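Hi there,

Here is the structure I promised to send over.

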Amino acid sequence: MTDFVRRHPIWAAVTAILAAILIWMIFALWPSWLVDLIGKKKVFLNALFNGITLGGLYFLVASGFTLIFGLMRNVNLAHGSLYLLGGYVGYEFAELTGYWLLAFPAAFIVVALFGILLQLGVFRRMEGQDLRQTLVTIGISIIMADLMLWGWGGDFYNISAPSWLSGPLETILVTSQKRSGDLVYLKYPLVRVVIFLAAVTIGVGMWLLLNRTKIGMLIRAGVDDRDMLSATGARIQLVFLGVFAFGAGLAGIAGVVGGTFQSVAPGEDIRFLLASLVVVIVGGMGSIPGAALGALLIGLAEQFGSVYMPTYAVVLTFLIMVGVLAFRPQGLMGRS
Amino acid sequence: MSVFDPVEASHAAPSDGRSWLERIPVAYWVVGLALLIMPAIAGDFMLFQIFGWTFILGLIALGLMFLGGYGGMVSLAQMSIAGVGGYMVAIFGVSAIDTISLGWPWYVAIPIALVIAMLFGTLTGWLAVRTEGIYTIMITLAIAAAFFYFARQNYVMFNGFSGFNGVLPPMLFGVDWRDPAAFYYLTLFWAALGYLVVLYISRAPFGLALQGVRDNPRRMSALGYNVTAHRVAAYTFAALLAAIGGILLTWQSAQISPGTAGIGPAIDILVIAVIGGMRHPVGPFIGAFIYVILKTYAIDALVTLGLAGERFQLLIGVAFLAIVFWSPDGIIGLWDRLREDRKRDPLTGRGGEGP
């Protein structure tokens, strides 16, 4: 960090000032001119937190995508379908057993098994032909989308969170002051906070796994030079299988999270596939910290866009992607 | 990359003293004649819905074949460029939404639409060529999605969800160009022209250089070719094909809406190009014909088999998967393989090209 400050003093100063302004906007009571300028503080805070939690969800989807891509050079365009499958499986399981928490391992296991099937039956047969693999994943996503439409119909399903998670959380952040002088505090849905914390935990866990364990070492070596790793006698096919299953399982978990946040419905697969595409393009392909940064940026852009310029929210996301591509084609955290 | 094996048809035709008319292969005469007299045989539905649609989708997919087969770049933004072409004709020309449509005459509106669509295609290409291979698919898919959502949410220019209706072709020469036979010849003309131009370019210096760039960009760059410029120019040309197809598509259904250029249709164009084969410009038209036949008749076939008619996507997906799995060069690849097998000597196992 000090290195960054020394090399780019102006950028560091700009970042510091922006961060200070943001912190002030979060904690201070807004003066009336600011309220006149951009609306209520409550709206701003809600957009901010919704953006961050949506970023957590995007991270869950995109991290599996980027992990698979980084190791196997396989753009899995069926990733959105895995997400949707996870959502449906989670819904069925939560309905069946009545336990919301059980939906997560169920979705993880089912979708991971499906991922293993894909890797064994499809991708291993055409290793190294990345364009062909991509085309195959398009075919698989078409078929899966139609099969799921067949099985679950076009309805919206909502996975309801348990009662101990459903209420709002009283935060210490002040949104406004009443005439009487009482302070109004922000209330925020507890389930979103919990899920965001879970996403952060998973992210940190993945980082630790990749950087502090022997399996992580194998995976990182595979990302750098796959052929050399297999020449040293590592059982690379097993590593591939494990990573694919894990990435697919993460997409399944994300499906349950998405089903709790919003809803599970046909078309969500494309939406989340696109979101993870944009996230990894912005963040840098194959990089977990990049996926986190990209997910946060895209989540915030989407929420702030839909609050402050509703017509062009999607365009804002797109402009971020174009800007990154134009000035840093390998992504913010990607290696060139 | 086996999907885009080198196109072999790139050597110049031998000048063996025959006139160019005599050098046209027999197959061209047969197919050309059959297509020309088709209105005498086929009914209105066949002409307008089956053949008209085939030529239009084939033309749009032809742009993708040009990019993928000769340039090695697979773009999913072709349908969005076609959508831009259709939208611009509706915005600058005449449509039922007269609060937005400017109502300019066709000889102004159509060139403007083509130029804007080509600019959009060039911009897309300029962004996409910064990356390679699979990244290109991802970025063009993201661009296609962004265009779809933008057109759906923008009411000032694109009229949002409902789009434009009442977009009709001009009454040129006193002919109603939406009359089935007239529309058939109109689409046939543009499809044939597009086909011949792509065939010509593939053997012209630009096409040869593009194929060189596909096979070895570093060597071409060392030889003094501007790799990026060639790639972007390929996108511009593909955009022209897509824009013509998009305008024809808009005229065929007399309307354009965001759904026309959605993510599903964008992927359909790729499916068409891959099913047909990306090695020869005839591939997209074969693929489009199969796609249109499936889309039109699959519902009836599925219902007779006892399945629900909505399972059409499943059928298309399975067909696509089967093609990618077993014949990466599409139908053309299957045809070539069959011909190779027939030529092969059953004893020696060698090709039958003489001793």
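**Helix H8 of chain B and its neighbours**

The buried residues of H8(B) pack against helix H2 (26-36), helix H3 (38-41), helix H4 (44-71), helix H9 (205-215), helix H11 (227-253) and helix H13 (282-304) of chain B. Helices here are DSSP runs (H or I, at least four residues), strands likewise (E, at least two), both numbered from the N terminus. Buried means that 20 or more other C-beta atoms, placed from the backbone, lie within 10 Å of a residue's own; residues are in contact if such C-beta atoms lie within 7 Å.

Please keep in mind that this is a predicted model, in which local features need pLDDT of at least 70 and side-chain atom pairs count only at pLDDT 80 or more, while totals for chains, interfaces and linings use all residues. Residues are numbered from 1 along each chain as its sequence is written, with chains lettered from A and ligands numbered from 1 in the order in which they are written.

Among the buried residues of H8(B) are B:Phe183, B:Tyr184, B:Leu188 and B:Tyr195. With 24 residues (180-203), H8(B) should span 34 Å at 1.5 Å a residue, and its end C-alpha atoms are 35 Å apart, which agrees; the expected span is 1.5 Å times one less than the number of residues.

Chain B as a whole has 15 helices and 2 strands. Of its 355 residues, 47% count as buried.

Leaving aside residues up to four places away in sequence, B:Ala117 touches B:Ile81, B:Val84, B:Gly85, B:Met88, B:Ala239, B:Ala242, B:Ala243 and B:Gly246.

Now to the contact between the chains: 34 residues come from chain B and 30 residues from chain A. On the side of chain B that touches chain A, helix H7 (134-153), helix H12 (263-276) and helix H14 (312-326) each supply at least two residues. H7(B) gives the most, 11 residues. That side of chain B divides into 25 nonpolar, 7 polar and 2 charged residues, where Ala, Val, Leu, Ile, Met, Phe, Trp, Tyr, Cys and Pro count as nonpolar, Asp, Glu, Lys and Arg as charged, and the others, Gly among them, as polar.

Notes. Two residues are in contact if their C-beta atoms, placed from the backbone, lie within 7 Å. A residue is buried if 20 or more other C-beta atoms lie within 10 Å of its own, exposed if 12 or fewer, and partly exposed in between; C-beta atoms are placed from the backbone.
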